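Below is a short note on the salt bridges of this model. Please read it alongside the sequence and the coordinates.

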Amino acid sequence: MTENLIGGSFPRIDGVEKVTGSATYAADMKLPGMLYARLLTSPHAHATIRDINTEKAKALYGVKAVLTGADLPYRVGLYMVDKPVLADGKARYFGEPVAAVAAISEEIAEEAVKLIEVDYEPLEPVLDAKKALEADAPLVHPDLDSYECIRGVFCPKGGTNIANHFRLKKGDAEEAFTRCDKIIENEFYVPQVQHVPMETHASIAHWKPKGNIEIWTSAQSPFAVRHLLSVALGMSQSMIRVVVPYLGGAFGGKAGIHLEPLVALLSKAAGYRPVRIVATREQEFMTLPCRQGLHARVKTGVNAEGRILSQEIEYIWDAGAYADYGVNIGRASGYSGAGPYEIDNVKMDSLTVYTTKPFGTAYRGFGHVELFWAIESQMDIVAQELKMDPVEFRMKNLLKPGATTITGEEITKYTGSVRKCLEEVAKEIKWGETCGDGGGETCGDGGARGRGESAPADAPTNAPTNGRHGSRSKGKVRAKGIAVLHKAPAMPPNTASSAIMKFNEDATVDLLVSGIDYGQGTATSLSQIAAHELKLPFERIHFIWNKDTDFSPYDWQTVASRFTVMGGLSIIKAAEDATRQIKDVAAEALNVKPDALEVKDGVVFVKEDPSLALDYTDVVMGYKFDNGNSIGGPVIGRGNYIAEGLTNLDPETGQGLPALNWTYGAHAVEIEVDTRTGDIEILKLASAFDVGKVINEGLCRGQVIGGCVQGVGSAIHEQYIYDKAGRLLNASLTDYKIPTVKDIPHEITPIFVETPHDKGPFGARGVAEHPMISVPPVIANAIFNGTGVRIKELPLSPERVFLALNPGRSKT
């Protein structure tokens with residue numbers, strides 16, 4: 001039956017393959033004559049490469065190719081073409097590849113790498129993005145002026161370390177500050193973190209003697225890889241085939257292009273033999289991209305009634321050594337960087353800055369986890385200064401229909417409701433009531449300290465006097481916190497998707513799209529949409545898993561929480577096209593007009609007389625009359641969608657229409673802090689999102705729960721740690737902590753608000769990235785509400801929390 005296909009909890013169509021190990025990933029593949037690649041990486045964060053001697057490596061038995069940057073005069077990049085395939089005379093971060101080997105075995109390749117001799121001249125590292133802006137800072141890219149980029153959108157500044165400077169101006173922030181009753185200014189910091197996908201980066205390339213290239217890779221878009229490789233190598237796209245098989249997690253780290261150019265060039269150098277490279281976990285940390293760091297400064301002016309009159313924001317993004325993707329993070333964070341608030345006067349500067357650290361790229365949330373750490377911490381600080389409940393303060397300022405965003409976009413009834421999200425989580429967490437069984441007198445407006453053990457003698461006592469939400473008992477503090485969020489897909493205004501539906505003889509349907517399901521469940525939800533629109537049972541949709549640029553329809557990239565919307569709309573159009581073909585053939589066969597027909601459960605029939613009907617199997621390959629005459633032919637539905645109504649942003653004011661849609665959300669949390677150790681236990685996390693329309697409730701719940709846990713990682717555990725020379729010290733899962741089962745909140749409550757989006761399929765919006773946004777500030781706000789301690793730097797590790805509670809204690 002085809003009823004209830006939208007909104008139900010259909011099981012993942014890839015579940016059996018993944019849990020049984022029968023799914024094939026790039027690292028599983030072996031081709032005849034395949035060679036294995038290994039990398040030599042820089043031991044310095046910043047150094048001139050004076051000489052590389054590869055003779056010993058080349059002489060080793062089984063080595064078929066050795067390449068250095070001198071052999072590869074190519075640069076790659078999506079938005080800023082600044083990244084060499086191998087370090088080109090200068091190493092810009094610890095772990096950067098400076099040479100590569102292809103050999104008949106991984107062991108021989110590893111041995112050959114050790115035989116390569118490199119003469120370095122160490123240079124002063126640039127490890128702080130704020131200091132990188134100083135006039136006398138060493139230049140990471142002295143030739144920045146020569147790099148290609150999307151001019152008019154990104155603005156690199158030669159002679160500096162600024163890869164891009166995004167500016168936004170709405171109203172007159174400076175003048176508005178003169179009318180404010182209170183002005184509050186704070187600085188916040190977020191470190192770099194790693195994506196930590198289960199599957200590390202893996203690529204196989206075969207450069208054929210004819211000059212064409214075939215690539216199998218763990219990437220978030222085969223078409224992006226093909227395009228960027230064709231530009232870098234000066235080749236026609238028709239000569240490059242890219243296949244993406246099953247993908248074992250990505251979180252943005254496999255967007256754009258990474259190892260593919262190197263393995264392709266190694267294949268050519270090795271005599272046209274296929275070459276495979278699989279990154280080690282250590283290389284995933286040191287060599288491949290991470291999430292950018294952020295220094296944020298937020299200045300907020302309010303009147304006595306609690307309305308935000310003016311806001312001045314500066315974001316300084318630590319792009320690392322290359323900013324090919326990072327410049328767009330700075331741009332996207334700029335146009336949404338004040339949060340979902342109605343503010344008439346805003347001045348924002350978002351700078352993407354080079355340092356000599358591993359380079360940043362897309363990461364789940366695309367800069368919003370970082371910026372909302374600052375914004376939602378600041379909102380609670382402002383509420384405290386006003387002696388106003390944090391929920392009440394937010395409600396006074398949140399966007400609503402008729403308001404305008406900081407880029408001038410008008411909010412309508414279709415945009416979504418952040419207010420409803422906030423209401424839902426506040427209700428779920430019982431905001432204003434006593435915390436759990438902590439024995440507190442109050443958790444609401446009175447702000448009185450709960451009964452129980454007193455704070456440490458030297459702990460701060462500046463607990464908030466309004467909106468307090470904590471209680472204390474037996475050396476532990478229970479408290480609640482609140483935070484909101486929003487995000488729109490960060491993508492060019494001409495981003496496009498397409499879909500093909502190809503009927504088989506038995507009226508099953510091959511569904512072809514190039515959106516990648518790397519764990520989020522896209523394949524299942526899109527199959528639901530296809531079945532619903534074709535009026536077929538769900539099990540008759542066959543989702544084609546491998547994405548192949550030679551056969552799959554075009555799609556930009558699987559990023560930005562956009563594919564349920566754009567891929568879904570493409571599928572709806574393809575289904576309409578296929579259904580039209582079915583009706584046209586059936587109408588001629590049944591001697592009626594096409595508009596007299598209806599379809600359901602794989603049958604096309606006359607509305608007024610359902611007994612006049614044909615099964616899809618009689619139609620989808622063409623209909624044959626009794627006398628043998630035939631009409632129609634194989635039914636192939638085609639559909640596409642391009643982002644509509646978007647504009648470039650004014651380079652001086654940032655005004656324009658950048659958003660296909662906005663997904664709003666809110667979190668509320670109850671935590672317990674052990675004041676003796678700094679440990680944080682998350683008792684309950686309620687998370688609400690305005691998804692427009694739930695396509696698959698089970699998958700949505702999974703996204704929210706997984707995203708919240710990942711947000712806990714950013715909040716409490718994760719950070720890159722460097723020594724003074726810029727060497728990464730925790731490049732393994734032994735030293736780099738991610739959440740385990742012990743860190744998962746006791747209870748996570750997903751809540752879905754459904755304010756239909758007028759341009760989404762069935763009103764739906766994306767919700768893939770949003771659950772981890774604002775998890776760090778909601779925990780920090782709860783810490784403050786329970787202890788009076790405001791922490792402005794992530795992560796909220798036990799050590800950092802303990803030292804904040806005990807400022808007289810030394811780290812040693």
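1. E175 and R179 form a salt bridge, with 3.1 Å between the closest N and O atoms. The term means a side-chain nitrogen of Lys or Arg within 4 Å of a carboxyl oxygen of Asp or Glu. E175 is partly exposed at 35% relative accessibility, and R179 is partly exposed at 45%. Partly exposed is the range between buried (under 20% relative accessible area) and exposed (over 50%), with a 1.4 Å probe and protein chains only.

2. The model is predicted: local features need pLDDT of at least 70, side-chain atom pairs count only at pLDDT 80 or more, and totals for chains, interfaces and linings use all residues. Residues are numbered from 1 along each chain as its sequence is written, and side-chain values use heavy atoms, with hydrogens and water left out.

3. K254 and E199 also pair, at 3.0 Å from N to O. K254 sits in the loop between β15 (240–244) and α7 (260–269), and E199 in the loop between β12 (182–190) and β13 (202–207), so the bridge ties together parts 55 residues apart in sequence. Helices (H or I, at least four residues) and strands (E, at least two) are DSSP runs, numbered from the N terminus. K254 is buried at 1% relative accessible area, and E199 is buried at 9%.

4. R562 and D555 meet in a salt bridge of 3.0 Å, N to O. R562 is buried at 1% relative accessibility; D555 is likewise buried, at 1%. Elsewhere, salt bridges with shared partners link K208, E214, R241, D548 and D550 into one network.

5. Across the whole structure, the search finds 44 salt bridges.
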